[in-house]
Amino acid sequence: MADASHLHAHGHPSTPLGAGAAHAEHHPRQQHHFYSMDQQLEASILGMWIFLVTEIMFFGGLFMAYIVYRTAYPDAWAAGSNHLNVLMGGINTLVLICSSVTMALAVRCAQIGSRRGQVVNLILTILFGTVFLVVKYFEYAEKFEHHLVPGPHFDPALPAQQQIFFALYFIMTGIHAAHMVVGIVLMLIILGMAWKGRFGPDYYGPIEVSGLYWHFVDIVWIFLFPLLYLLGAHLGH
Amino acid sequence: MSAHVAKVPTLFAIFGALFALTILTYFVALQDFGWLNTPIALGIAVLKASLVVWFFMGVRWNTPLTKVVVVAGLFWLLIMFGLTMSDYLTRSWIGVPGR
C-alpha cells in the first residue's frame, strides 16, 4: 500500500545531474512507477477499495448465514434479539459515527496541512474506537452472566434455535470488534506519521486509505445494529 | 494536488444526519409495521451507509473507476444473496425428501 512509499523516498540515484529535469521536480514521496502524485493517490484509493470489496464479501458471507437462519427460525431470531442490550448497542452506534466524523476531519486536516488538527482528530478517533470496545466488553460479560453464550452453559429454558442466533451474534460482532482492534492499531501508526508531519496537501495517501478502512468498519456496524439489536424490538420485552 | 477537500459544514451535516437516522431507526423499530419492519430498518441503514460512502469516504470525489469498483462490490454481494435465497426459498416448492 501507499505506506511503502518511504522505501523510495530517496529519488533517482541513477539520474545524472541536469539530465532529469522532470525527475528533479518529483515529490519525494512519489514512487517511480507513477506519473504523478495524483495518479499515485488514485491508485492507492482504488487499491484500498479493491481490498474493501473483499471485506464486503467476507462480511457478506456472515450476513448470508444470518439471512438463511433468520428465514428458517424467525421467532427464535426476534426473541433472541430482545435479549441484546439496545442501549449499549445504540450508544456504540453513535460512538462509531463520532469516530467516523473525526476520521473524516483528520483527512481534511492533512489535506489543508494542519498537523495539529490531524493529531487531535486521530487521537479522538482512537478514543472513540476504544470506547466502543470497552462497551462491547461489558456487553459480552453480560451475555456470559445471563447464560446466552452458545454451548453447554446456554440457558436450557430458551429454544435451541436461539443458540444459532447468539452464535452468529458473537461471530459477527466479534469479527467486527477484531476489525476495530486492527483499525485502532492502524490509527496509532498513522498518528505516529502525522505527529512527524509526514502528511500535507501534496501527500496524504496513507491517512486517506486508512480512513477508508475505518469508515468501512463503521458501515458494517450500521447494518449489524438494526439487524441484531432492533429486529424484535416491536414485539416488546 | 487537485483532490477535493471536504468542507467542515458538509462533514458535520452528514454527522447530524447519521445521528438523527440512528435515533429514527430505534423509534421506528419500536412500532409494529408487520413484515415492513425489516425493509424500513434496512432502508435507513442503506441510507446511512450511502452517506458514509459518498461523503466521509469521499467516493463522490473519486475517479469513475473507483465508483465502478464500489458498485460492482455491492452488485456481487446481491448476486450472492439473490442466488442463495433463490435456492433456500424455493426448496419447499417440490415435495421431495432431503430438500
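Helices here are DSSP runs of H or I with at least four residues, and strands are runs of E with at least two. On that basis chain A has seven helices and zero strands. The model is a predicted one.

Chain A reads α-α-α-α-α-α-α along its sequence. In chain A, contacts between residues 24 or more positions apart make up 76% of those with a separation of 6 or more. Chain B has three helices and zero strands. Its pattern is α-α-α. Chain B is more spread out than a compact globule, because its radius of gyration is 19 Å, well over the 13 Å that the globule rule gives for 99 residues. The C-alpha trace of chain B spans about 65 × 40 × 15 Å along its principal axes.

The table sets out the two chains.

| Chain | Residues | Buried residues |
|---|---|---|
| Chain A | 237 residues | 40% |
| Chain B | 99 residues | 23% |

**Helix 1 against helix 2 in chain B**

The axes of helix 1 and helix 2 of chain B come within 10 Å and cross at roughly 170°. Angles over 145 degrees count as roughly antiparallel. Helix 1 and helix 2 of chain B are therefore roughly antiparallel to each other. From helix 1 of chain B, the residues in this contact include B:Ile14, B:Leu18, B:Leu21 and B:Val28. From helix 2 of chain B they include B:Ile40, B:Ile44, B:Leu47 and B:Phe55. By class, the contact has 14 nonpolar, three polar and one charged residues. B:Thr10, B:Thr25, B:Asn37 and B:Lys48 also take part in the contact.

**Where the chains meet**

The contact between the chains takes 39 residues from chain B and 40 residues from chain A. On the chain B side, the elements that give two or more residues are helix 1 (8–30), helix 2 (37–56) and helix 3 (64–88). Helix 3 of chain B gives the most, with twelve residues. The side of chain B that touches chain A divides into 26 nonpolar, eleven polar and two charged residues.

Key: Residues are numbered from 1 along each chain as its sequence is written. Chains are lettered from A and ligands numbered from 1 in the order in which they are written. This is a predicted model: local features need pLDDT of at least 70, side-chain atom pairs count only at pLDDT 80 or more; totals for chains, interfaces and linings use all residues. The radius of gyration is taken over C-alpha atoms; the globule rule is 2.2 Å times the number of residues to the power 0.38. A residue is buried if 20 or more other C-beta atoms lie within 10 Å of its own, exposed if 12 or fewer, and partly exposed in between; C-beta atoms are placed from the backbone. Two residues are in contact if their C-beta atoms, placed from the backbone, lie within 7 Å. Ala, Val, Leu, Ile, Met, Phe, Trp, Tyr, Cys and Pro count as nonpolar, Asp, Glu, Lys and Arg as charged, and the others, Gly among them, as polar. Axes are lines fitted to C-alpha atoms, for helices over the stretch in contact, and angles run from 0 to 180 degrees between N-to-C directions. Angles under 35 degrees count as roughly parallel, over 145 as roughly antiparallel, 65 to 115 as roughly perpendicular and the rest as oblique.
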